[in-house]
Amino acid sequence: MSDNTAAPAAEVPGKVAGLAITAIVLVVIVAWIALWIGALKFTDTTLVGGFMLLWYWANNEAMEIKRLPAAIIGALVGVFLAWFVVYATMTWGTNGTIAGVLLMVIALYVDVIKAVPLAVNTSTMLFLTLAAAPLIQLKVNWTELALSIVIGGIFFAVLIEGIKRLAAKAGGAAT
């Protein structure tokens, strides 16, 4: 089976470049925390949405900007699926639980056959796994989690694309 949706493999940075990248990542993390909690006044428990999106986008999509929409949409679908199980169970009892689990199974099938890769993809399954954890389901503010994914995606994309452009300018000036 060929997978033409896989991100290209990235080069492994050298030790000095690795230190620089680590420093940049730390600054980006601190900036996200300051924005989310300090400026936007959201809870710290929903920071995970933006961080998980950044991790997914960086590690699975090689921070390709064109792959970010599918990562965000997939993440939101995964969170929706986890939310729906909770909502359906609370609303319809056992029948709701069955409906929620059935919807998850359908989403898994759709992911396996790659029928709707924009909306149901690896990001969907990652966020479904995260959001379906009982400790998350019992304590999360679902709206904030969804906002964390969207705002985090935009925030990290702007920062990363800016850093890429600065690096390209600096690299061009050095040659």
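Contact, in my notes, means heavy atoms within 4.5 Å. With that rule I looked at the protein chain: residues 24 or more positions apart account for 69% of its contacts with a separation of 6 or more.

A note on what I'm looking at. This is a predicted model, where local features need pLDDT of at least 70, side-chain atom pairs count only at pLDDT 80 or more, and totals for chains, interfaces and linings use all residues. Residues are numbered from 1 along each chain as its sequence is written, and side-chain values use heavy atoms, with hydrogens and water left out.

**Overall build**

I looked up the secondary structure and got 7 helices and 0 strands. Helices (H or I, at least four residues) and strands (E, at least two) are DSSP runs, numbered from the N terminus. The C-alpha trace spans about 65 × 45 × 25 Å along its principal axes. Of the 175 residues, 31% count as buried. Buried means under 20% relative accessible area, exposed means over 50%, and partly exposed is in between (1.4 Å probe, protein chains only).

**Salt bridges**

- Arginine 67 pairs with glutamate 61, with the closest N and O atoms 2.1 Å apart. Glutamate 61 is buried, at 7% relative accessible area.
- Lysine 114 pairs with aspartate 111, and here the closest N and O atoms are 3.4 Å apart. Lysine 114 is partly exposed at 40%, while aspartate 111 is buried at 9%.
- Lysine 164 pairs with glutamate 161, the closest N and O atoms being 3.1 Å apart. These two are separated by about one helical turn, because they sit 3 residues apart in helix H7 (residues 142-174). Lysine 164 is partly exposed at 35%, and glutamate 161 is buried at 18%.

**Rings**

I found 12 aromatic pairs in the structure. One of them is tryptophan 83 with tyrosine 87, a stacked pair with 5.0 Å centre to centre and 15° between the planes. My rule for this: rings of Phe, Tyr and Trp (its six-membered ring) pair if their centres lie within 6.5 Å; planes under 30 degrees apart count as stacked, over 60 as edge-to-face and the rest as tilted. Both residues lie in helix H3 (residues 68-92), 4 residues apart, about one turn of the helix. Tryptophan 83 is partly exposed at 29%, and so is tyrosine 87 at 37%.

I also traced a cluster: ring pairs link Trp32, Trp36, Phe42, Phe51, Phe155 and Phe156.

**Serine 148**

Is serine 148 buried or exposed? At 0% relative accessibility, serine 148 counts as buried. I placed serine 148 in helix H7. Leaving out residues up to four places away in sequence, serine 148 touches Trp32, Trp36, Thr46, Leu47, Gly49, Gly50 and Gly153.

**H4 against H5**

Last, I checked how helix H4 (residues 94-112) meets helix H5 (residues 122-131): their axes come within 10 Å and cross at roughly 150°. That makes H4 roughly antiparallel to H5. (Axes are lines fitted to C-alpha atoms, for helices over the stretch in contact, with angles from 0 to 180 degrees between N-to-C directions; under 35 degrees counts as roughly parallel, over 145 as roughly antiparallel, 65 to 115 as roughly perpendicular and the rest as oblique.) At the meeting place I listed Met104, Ala107, Leu108 and Asp111 from H4 against Thr122, Met125 and Leu128 from H5.

Methods: A salt bridge is a side-chain nitrogen of Lys or Arg within 4 Å of a carboxyl oxygen of Asp or Glu.
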